[in-house]
Every structure is written in structure tokens, then in C-alpha cells.
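Q: Please go through this model and say what makes each structural label apply.

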Amino acid sequence: MATREETPKAPPDALVNAATAHPWSYAAGVLLVAVAYYTAAKLGLRLALVGRNITPFWPPTGIAVVAFLVLGRSVWPGVALAALVVNLPITTGVLPAAATAAGNTLAPLVAATLLAKVGFRREIDRLRDATAIVFVGALLSMSISASVGTGVLVASGALPADELPGSWAVWWAGDAMGVLVVTPFVLSLVQPWRRPGRPHWKHLEAAVLFALIAAVSVVAIGADPHLMFLVIPLLGWAAWRFQQRGAAPAALLVVVVASWAAAKGIGPFRAGTMLEKMLILQAFNATVAFCSFFFAAVVSERMQAHQALERAAAGLEARVRQRTSQLTEAQQVAHIGSWEWLIPQHRVSWSDELYRIHGHVPQEFPVTFETAVDQVNTEDAARIRSNAEAALRRADDHDLPNIEYHITRPDGAERVLLGTAKVCVGPNREPLRMVGTVQDVTEARKAEREHRIAETLQRGLLPDRLPEVPGMALAARYVPAGADMAVGGDWYDVVELPSGHIGLAIGDVAGHGPRAASTMGQLRMALRAYALEEPSPAEVVSRLDRLVSRLLMSEIVTLVYLVLDLDSGMVQFANAGHPPPLVVGLGGQASFLEEGLGSPLGCDDPGLPAEASFRLVPDSTLLLYTDGLVEKRGVSIDEGLERLATVATDGGQDLEAFCEQLLCSMVEGDTADDVALLAIRPVPLTGRPLLRVPAEPRVLAPLRQTLRRWLRESDADPHVANDILLLACGEVCTNVIQHAYGAKEGPLEISLDVRDGTAEVTIRDQGCWRPSSGIHGGYGLPLVQELMESVELMGGPDGTVVRMRRRALSGSER
Amino acid sequence: MSDLARVEGEQRGTICLVRVHGEIDLSNAHEVSSEIGVAMGQEARRLVVDLSDITYLDSAGVALLLRLAERLRSRRRELHLVAPRGSPVRRVLDFTGLPRVIPLESRLEDALAQRDDALPDEFP
């Protein structure tokens, strides 16, 4: 049984301390103990069987044990004093009296100490307490006083040595009985009443019971020696109804009556030797004591267990109630309802929230399976019915597949619900109940759908990868808005123009969601188309403006479009109402490109937007961004721009790191608006000699741009660079494009190196050069050989390599 | 039209003067060729192509000029080229031996001043 409680550790020592704490209360305690001991001794001596001092029932030991247990062992002087006073008149001298008194004090002291050690509880409401007081408190400890007492009698000559065993037994039994009968009784008196509200009839019952016990014991013992056992059922009654509180006084009463009868020679004690009388009395007393004790302890223990169970049940019930109310609240918050279908009873119960989900007042009407399914739209009801039927046929415990279905509320609103269910079967596999939950997922589904559309659109709208342009580092970021609709109208694009220049655009279509995303997609495509046709940024922006004006687009559309000539670093740009691009120089100084600003697109502003230009020096950074980067609630856009200019100055060497750092510093947590970033940095070509491009005619012009820059940065003589090396490279590349791959596609690789004033160019392909076709071809290679100092042409199965060299330093021209 | 090269045509009597600016390579040779064809009207007897403002010309451009000359010759018209002496374009033309087939002048005036009958030897 789990209800057994451990003894509280505090009482014995606490009581010792309490008794010693106050001198006056200690003295009073000692005096009280002495008086009680003396009184009990005087009463006990009246029952003496052997001489004047050996009694079959010695109550003072019980008093002493109680005193040590309740007041603490420090009150021993009271016991010792009283014992001495009691023993003085009945022993042969002071010394034997003192020795006997010492034994009488020591025995209860040992008893109390051992009881404290084994965790004895004064309520004696557990079996182990009963066992402890019988064996440790009474039988074991009292052998001390018996040994000391009879030893003193024999030593002082008051008792013949051959009578020692019998006398020892009587002494021992008397002391033990004193502990067994008196200690529980007194302890039961000093225990506080734990349940004050005892009914009056209980007192009446107690009174009747004790009268009965007194009468029965007196009459039974007096009338017939063999009827003594009649009191046993009454002791049982007392123990069962009143536990230790009833059993202890009842046992005391019966033992006193029996001892009195023995002392007076009444009833069974009329005849027989002293030893026989003694034996009968002790056996009877022991039976009475043990019975009442153990019975009372067992009943107490069972009652405690019962109470503990009741408490646990009550606690459990309270918890269940609390959980139920929590569940109801949780359902309400999560918009999840639950239901239970008791199949044999044809009964369905809905939680309050399920009624609400269906647009009804909680528990508005009783539900059956049929009425429940009737709430569902017809096209889904059949599915639910067939799912349920299949589940019932399966005849085992299992979860049903989740099902999404539609209902129409009484007010006409259509809702999408997600249902889960499981079926439970009985011992014979008959379906007993089905339980499930219903969640209103209308809003979630709608948001998901819109989000999916918008995301798909957006993915198609931003470049999936940035072009690799030799001599230019590029990095871009797009951060969706933190709100549920993750897609905005921000966009950017990088276009390689036919002239070899690079078109850079960033724009913002006001609003979020599929509409903004689709507008931005149209704009991006239009810009690409115009940019390929038209070299002037202002003209491209002006065409876009006309497009936006004509095409319905009601949103506010801003953009800035720039054309970068990597060769010269010149940037021409036009800005249609977009936040100004930022240029961060090599030294970290940041400045905004405020020029070239016009109105947003579609504002019917006549005339071309302004066009401006500036020079982007190598290793400086051009940053294009959308307003999400600089606009924050509660902060003016000017402050945002200022902050951007400050943050951008300590951008790292790496452009990707630069973008990351900008986002980290400028965008905190979820952004209210989406953010797009595009960073461009012209980087030296030197040290990156390898260019790899597709072998197509359109790469020739951009390739020349790159080579021009590269040669200039390598300090090659301008005449050699532009008129000789460039032409030789062009010829070889043209050859590769025309002859290496036939109709197939393939790469063209060029590496350049200027060392010790000599330029070495290696051009490589993975094809096989075919013979020149037309009559007007065939000039290329001879021209290259004429232009360069050395030309090696190596053809192999893996492709063809052309390596050529020429002095390239100033003044090296032949 | 392409950014790479720009073609400007001008009618001077029976002479059509076409100035080509920019660069000619494999990527725009065909385009330049057809633009020259457009710029030259039906009337012109002679086409003068001024290559002075060409900044890049490689063998693809040479091939274009040869094809153009052939086409004109089949219609009994003549092609004259202008390229300044010492210019990079002139070097390419000289190297390919083109002046042996197509009259090449260093100065535009010379090309324009030549009389119709001053055809190369091949056309007596």
C-alpha cells in the first residue's frame, strides 16, 4: 500500500529541547512525571503477587515510557526520584532501593530511545508501531528492569536464589504489561483529537461499549473462570470502531480487572499455586493487549489507506475538471472542435467549439451521426459516409485518414474543415466509439493558396542566377516581408546588353501578393525588351512609363535603370521615383546618386525622365535597393538613408558579406515590407586571366571590351593592345566560333598573361576545327601569324589550343 | 539596330556614299551588309564605303566587303573603299590583299572624285 507515511523526524529531540528550554516548564515536567509515576506505582503495588514488590502488572513503567516519549528523555530525574521513593519502603535498604530505581529508570529510557530509533509513531496507527511497542518497547527493554530488580532482591537476600527465574518472569511480565497497557492508553489521551466533529452517538456508543466491557469482564471473571474470553469480541469492537483510542482503554480496563481478580483470588484465581495464577493472568493479559493492539493498528492502517485513496480520487477528479476546462479553452483558441460517437447507443456529442465552428450556439441541438453528416456539403458528405463505413467494417482500433471537407453555415458562409478521427472497438472487435477533432482551416487554406501563387510568380520574376560578367562582382538579396503574405513587388535584374554594357535595374511595385508580383513580372520583361533595343536609360524608362500608363497598372511603380560601361566605368542612369542608388568609394565614403530623378512610372509626366551619369571607379561599390531597406515605422526616410550611408561605409571586401552586413544592420527581425538589394563592383581583371564564354558570335563584342580593360590594366602598350592583340584574339575566337563546334554549342576559353613585357594569349576550345567553307574565308589565321611573334596551334581529341605571344610593352612595336 | 555599328547613307548624284561607324565582326557582318544594301538606292552607279570611323574590323569584315563587291559587280556597279593610310583597318585590308580587288583610297575626296570610267583593270 502506498499510503504508509514515514515518521516525522522532529518530535523526540524537539521535545528534549522543549523540556530543557525553559527551566520552569522543565521542573514542572519532572514533578508531573514523578507524581504520575508514584501514583501509578502505589496503584500497581496493590496487585502484588510476590512479596510486596513483585506485581503482575506494573503501570509506572508505562507512565515512564510515555513521559520519555512525550516530554523527552531529559525528564528522567522525575522517574528516578519517584522510583526511589516507591522502592525505599519495600526494599531492604537504600542501596538496593537505589539500584532497583536505577533499573526502573533505565528500562523505559532504553525503550524510548529504541522506539525513536525505529521510527515509532505515537498514534500507533500502523502495524509497525504496534510491533515496535510490543517487541522493542515492552518485551526487550523491560528485561533490563527485571534483571536489575530481581538481581538486587537476590543479592540483598530478600529473595532465595532458586526463586530467581520465576520472580524474573513475573517482574518482566509485569513491567512489559505496564508498557503494553498503560503506554497506549496515556498516549491516546495526550493525542489531539484530529476530527473534532465526532457525532454524539459515537460518544454514546463509546460509553455503552466501556460499560459493557467493565460489566462483562467483572461478571465473567467473577461468575465462571472459563468465561474470561467473552471480553475478547468486545475488545475487537472497541478496536474496530475507535481504533487505539478505544482499544487502549478497553485493554487497560480488562487487564486491571483481571489483575485485581488475581490479587484478590477471585474466579479462575481462587485455586492453584501462585505460579499457576501468574501464568494464567499473564497469558490472559498478553492476549488482551496483543489483540487490541494489533487489531487497532490494522484497522487504523486500513482507514488511512482508504482516506488516502479518497484524497487521491478527489485530487484526480479536480484535475480532470481543470483539464476539461483547459481543453475547452484551448479548443476555442485553436478553433478546434471535438466529437465522440458512441456507436451502440447511436449518440454523438459535440464540444462547444464544434457547434461554434458550424455556426451554432454551443449545445444548441442534439447530434446524431446523420444530423452531423447533413451539415456537410453534399459533395463531401458521401466521402465522409464511406470513410466511416469502411472504418466500422475494419473491426480494429485505428485512425481514419484525415479528411478535408466543406460546410455551409446557417448564415451562408462556406468554411473548410479538417477532420481527424479514430475508431475504438470492444473486446469482441465490435465498434464501440469513434472520436475525432475538427479544425477550421478556411483562413489557412486561403492564405496558403495565395502564398503559393505569389511565390510561384515571384520565383519566375527574379533572375534565378546573376550573369557572370568578367571584371564585375555582383551580389543580390531578396528578403520577403515578414507578414503572412511573403511576396512583394520588389524586383531587380541584370541584363547583358548587345553593346557589351551591363544594364542594371531595381524596382518596386507597391503592394503585396499575386497582383503586385504579376505586375512586376510584366515590368521586368518589358525592361529587358526595351533595354536590348535601346541604349539610353532615359529612353528605356520613358518607354516603360508609357507602358505603365497605357496598361491599366494602378499601382505606384518606381524603378531606377542604369547602364554600366565596364570598360570606362561610366554609368548612365535614369530614376523614376526610386530611392537614390548609393555609391561607396574605395575609402568607404558613401554618396547617393540624387541626379537623374523623375516621377514614378505612369504619372503622366510629359517629357523624358532626366538622365545622369557618373564614373564608377574600380573597386568602388554601387548599391541599388528598395525602400524596405531604409523605411522603418516611426523613422523618417531621411534618417533611414543617413543610416544606410553610415552602415555601408564599413562593408567588407566581399560583396556577399557586404550585402549580409547591410541586411543585418538595417533590417531588424521581420520586415514589414520586402527588401531587394543589388550590389555591383567593378573589379580588376588582372589576376583573373581565364574567361570562359559560349562560342557564339554575340560574345565577341563583350569579349573585346573585357580584353581592352584587361590589357589596359596590364599596362600593355595601347597600340599593341587595341590594334594587334585585340585583332589577333578576335580572329582566333571567330575561328573557334565558326569552326570548332559546327552546329553544336560549346565553350570558348581565353587566358591572358603579361610577363616580362610579353603578352601571352591562350585560346582553347573543346571542338575540332573544320576546314574553312566559303571562298572569302581563310584570312584569319595568316593574319594572326602576321600580327603575333609566335603562334602555336595544337589540335587534339579534347579540342584545339592556340597559344600566341608578342611583346606588349610601350615602345616595343617593331 | 545594332549598337555595334551604325550605317549612314548619302546620295551624291550617281554616287552613294555610305559611312560605317563602330565595329564590324562576325556578330554583325550580315546586318551591316544588308544595311549598306538598303542605304544604297536603285539609282546609284557607284558605292563608296567610308571605313574611316571603323574602330574594329577583322577578317569577317573583309569577307563582308568582298561579298559586297561581288554582288555589286554582278549588277554592274562598282564599290570603292576609303580607309586612311596607317589606320588599323587599313592594315587589315592591306594584309588580306583586298586593295588588289576593290579600289581603296586613303581620302574620301579621292574616292568621290574618280570618274566612272576609271574602273580597275579587271573591268575594261
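Q: What makes helix α18 (residues 637-648) of chain A a helix that lies across β11, β12 and β15 of chain A?
A: Helix α18 of chain A lies across β11 (582-584), β12 and β15 (621-625) of chain A, at about 25° to β11(A). Contact requires C-beta atoms, placed from the backbone, within 7 Å. The angle is taken between N-to-C directions, from 0 to 180 degrees, with axes fitted to C-alpha atoms, for helices over the stretch in contact. Helices are DSSP runs of H or I with at least four residues, strands are runs of E with at least two, and both are numbered from the N terminus.

Q: Which other helix packs on the sheet, touching β6, β15 and β16 of chain A?
A: Helix α19 (residues 655-666) of chain A does, and its direction makes about 30° with that of β6(A).

Q: How do you know what the numbering and the confidence limits are?
A: Residues are numbered from 1 along each chain as its sequence is written, and chains are lettered from A and ligands numbered from 1 in the order in which they are written. This is a predicted model, in which local features need pLDDT of at least 70 and side-chain atom pairs count only at pLDDT 80 or more, while totals for chains, interfaces and linings use all residues.

Q: Why are β6 and β12 of chain A called edge strands?
A: In the open sheet of five strands, ordered β6-β16-β15-β11-β12 in chain A with antiparallel pairing, β6 (472-479) and β12 (590-592) each pair on one side only. The twist averages 20° from one strand to the next.

Q: How do you know that β6(A) and strand β16 of chain A pair?
A: Pairing needs at least two bridges found by DSSP between the strands. β6(A) and β16 (residues 675-682) of chain A have eight, in the antiparallel sense, so they count as a pair. Within β16(A), Leu678(A) is the bridge partner of Ala476(A).

Q: What is the strand order in the open sheet that contains β18 of chain A?
A: The order is β17-β18-β19-β21-β20 in chain A, five strands with antiparallel pairing. β17 and β20 (790-796) of chain A are the edge strands, each pairing on one side only. Neighbouring strands are turned by 15° against each other on average, direction ignored.

Q: How many bridges join β18(A) to strand β17 of chain A, and how many to strand β19 of chain A?
A: β17 (residues 690-694) and β18(A) share five bridges, whereas β18(A) and β19 (residues 758-765) share eight. Val693(A) stands opposite Leu748(A), and Leu752(A) has Val761(A) as its bridge partner. β18(A) and β19(A) form a hairpin with two residues between them, and Asp756(A) in the turn has a positive phi of about 50°.

Q: Which residues make up the covered face of strand β18 (residues 747-755) of chain A?
A: Leu748(A), Ile750(A), Leu752(A) and Val754(A) do, while the uncovered face holds Pro747(A), Glu749(A), Ser751(A), Asp753(A) and Arg755(A). In a regular strand the side chains alternate between the two faces of the sheet.

Q: Which helix lies across β18, β19 and β21 of chain A?
A: α21(A) does, running at about 15° to β19(A).

Q: What makes up the side of chain A that touches chain B?
A: 21 residues of chain A are in contact with 19 residues of chain B. α20 (700-713), α21 (718-739) and α22 (780-787) of chain A each give two or more residues to that side, and α21(A) has the largest share, six residues.

Conventions:
Contact = placed C-beta atoms within 7 Å. Buried ≥ 20, exposed ≤ 12 C-beta atoms within 10 Å, placed from the backbone.
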